Amino acid sequence: MKMTGAQMVCEAIIAEGVKYVFGYPGGAIMNVYDEVYKQKAFRHILTRHEQAAVHAADAYARVSGEVGVAMVTSGPGFTNAVTGLATAYADSVPLVVISGQVPLSLIGTDAFQEVDAVGISRACTKHNYLVRDIKDLPRILKEAFYIARSGRPGPVLVDIPKDITGEMGEFEYPQSVDIPTYKPNYKGNARQIKKAVEAILKAKKPLLYIGGGAVISDAYQEIRELAKIANIPAVETLMARGVMGHDNPHLVGMPGMHGNYASNMAMSESDLIISLGARFDDRVTGKLSEFAKYADIIHVDIDPANIGKIIDIDYPIVGDVKIVVNKLLERLRGVVNTSRYDAWNAILKRYNEIHPLTFEDSNDVIKPQWVIKRIGELVGDRATVTSDVGQHQMWAAQFYPFSRPRQWINSGGLGTMGYGLPAAIGAKMADFDKIVINVTGDGSILMNIQELVTASEYNIPVINVMLNNHFLGMVRQWQTFFYDKRYSETDLSYQPNWKQLVEACGGVGYDITTKEEFDNALNDAIKQNRVAFLNVAVDRFENVLPMVPAGGALYNMMLEYKDK
């Protein structure tokens, strides 16, 4: 069938079953947007910034498990999207981003709105393409979706010159993909799995170290069963919150820089760490020479480049977490002595009793931790929670009662301020039945505040809860601890009228200074079922604790801070 390149883009999107595309048009991609206008098979959401388009597609992918799709134009349209690409790349999110490019004859001439999109994005995409011949376009589009979703997922860029989108060509969308140099291994090596089982049976202090790969592979049921039948305690990274479920007796907590005491001591004292889809991020390991120094390590990861990259591994297993854990279960059922690890579980339980994850509440000022806990009490599993980056993100990770994977959506690897609001839009589109709450701060929210207009226009009722401490909170905390309270450029006392701002954008706003006001506002926001913004005045100098200082060992945690 003969059609233009622009028609091919839309036909490929339809063939892939895409329901929503997030984007922002411009000159170089105008041909594609003309075809978007003509079709009715998928819905386009016009964000107010290209960065927000990619973040929304990213969160849509994280919640739905499907490939997210965004469209942007060339030049500044593409460079605005780079932060979104880097965010998705760091957290292994399946995306296809389609960017317009200047015509082939103008590439390399410093033409209007020309940048080297392929060169710029090489370090923050799983793969990228510059389409130079319309004959290649159907194959490239098919490969882009396949590469994005297979193996270790990630963002793929397809950069299409404007003359290619206007040119006629033969369209036959491939039914399958064969890339000789790209063959992800899903099964895991049987010999290595056998060795891993033997190590588990010999261990006295095994620990499941669960990462974001467990969410990506939808392995939560298998991991919960593994913990149960083997009686092995588990810790969840920031990206894996919800895999075990907050009320699971085998969940110790979250390890790392702001992990709870028991989890960090578990990592430090374990004699066998079973890593399931985690990548040993520096925010989890702390000082490498002191990390898990008494433990052998089993590392299950679908990306062979991740294994041994940071930590020496004793039992490497390249494969999909869900498939590998099922094979571990087959070998462990009826064989493992569950009472073998009773003493180890008792030690960790005692650690949680000695130093529980807690905070000092107040009736005079709202504590940010209380806000998170209260949201959990009021909406719990009914909500999907997105966040920006900073103190509010850590408090949400620490104190929200996550009960399922894909319930907690945040920028973990890149730490992107401005992610939360557009992510909430994408999360709501992926599951409209869930209440979507964006936990944000007065620093992060302004970075993509314009998306309040997007949410209002499309009637996407996301609820923003801003923990307002009039600071760039996390930077202020470091300045307090390590820079003798020299608060260099972190004071955000000058602020807009938030209530008027959100109402000007079509939403409903609340200014909150008491706990009673918070309860009333959140319940009203849910009832109103429209874009909402809760400006919650919280303790300005509250700190995120525990804290492992940068470069420190996990077992050397700051459990409290006393002002000098």
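## Close-up views of a predicted model

**View 1. Strands β2 and β3 lie side by side in a parallel sheet.** Strand β2 (residues 20–23) runs parallel to β3, and four bridges join the two. This is a predicted model, so please read each view as a look at a computed structure.

**View 2. Six strands make up an open, parallel sheet.** Now step back from β2 and β3 to take in their neighbours. The order across this sheet is β3-β2-β4-β5-β7-β6, with parallel pairing. At the edges are β3 (43–46) and β6 (127–130), each of which pairs on one side only. From one strand to the next, the twist averages 20 degrees.

View 3. Helix α6 (residues 137–149) lies across β4, β5, β6 and β7. Compare its direction with β7, and you will find an angle of about 160 degrees.

**View 4. A second open sheet also has six strands.** Follow the strands across in the order β11-β10-β9-β12-β13-β14; the pairing here is parallel. The edge strands are β11 (251–253) and β14 (315–318), and each pairs on one side only. Direction ignored, neighbouring strands of this sheet are turned by 20 degrees against each other on average. For a closer look, pick out strand β13 (residues 296–301), which pairs with β14 in the parallel sense over four bridges. Here Asp 301 stands opposite Val 318 of β14.

**View 5. Helices α11 and α14 cross in a right-handed way.** The two axes, of α11 (residues 261–269) and α14 (residues 342–354), come within 8 Å and cross at roughly 145 degrees. On the α11 side, the residues that meet α14 are Tyr 261, Ala 262, Met 265, Ala 266 and Glu 269. Their counterparts in α14 are Trp 344, Ile 347, Leu 348, Tyr 351 and Asn 352. By class, this contact has eight nonpolar, one polar and one charged residues.

**View 6. The largest cavity has a nonpolar lining.** Its volume is about 30 Å³, and the count comes to one cavity of 30 Å³ or more. You can trace the lining through Ile 372, Ile 375, Val 385, Ala 396, Tyr 400, Ile 437 and Val 439. Helix α15 (368–379) and strand β17 (435–441) each supply at least two of the lining residues. By class, the lining has seven nonpolar residues, no polar ones and no charged ones.

View 7. The elements that give two or more residues to the lining are α16 (391–399) and α19 (473–482). The largest share, three residues, comes from α16.

Terms used. Residues are numbered from 1 along each chain as its sequence is written. This is a predicted model: local features need pLDDT of at least 70, side-chain atom pairs count only at pLDDT 80 or more; totals for chains, interfaces and linings use all residues. Side-chain values use heavy atoms; hydrogens and water are left out. Two strands pair if DSSP finds at least two bridges between them. Axes are lines fitted to C-alpha atoms, for helices over the stretch in contact, and angles run from 0 to 180 degrees between N-to-C directions. Contact means heavy atoms within 4.5 Å. A crossing is left-handed if the near helix is turned anticlockwise from the far one by less than a right angle, and right-handed if clockwise. Ala, Val, Leu, Ile, Met, Phe, Trp, Tyr, Cys and Pro count as nonpolar, Asp, Glu, Lys and Arg as charged, and the others, Gly among them, as polar. On a 1 Å grid over the protein atoms alone, a cavity is a set of points where a 1.4 Å probe fits but cannot get out, and a pocket is an open set with protein on both sides within 12 Å along at least five of seven lines; lining residues have an atom within 4 Å of a point. Grid points are joined across faces, edges and corners, and a volume is the space filled by probe spheres set on the points.
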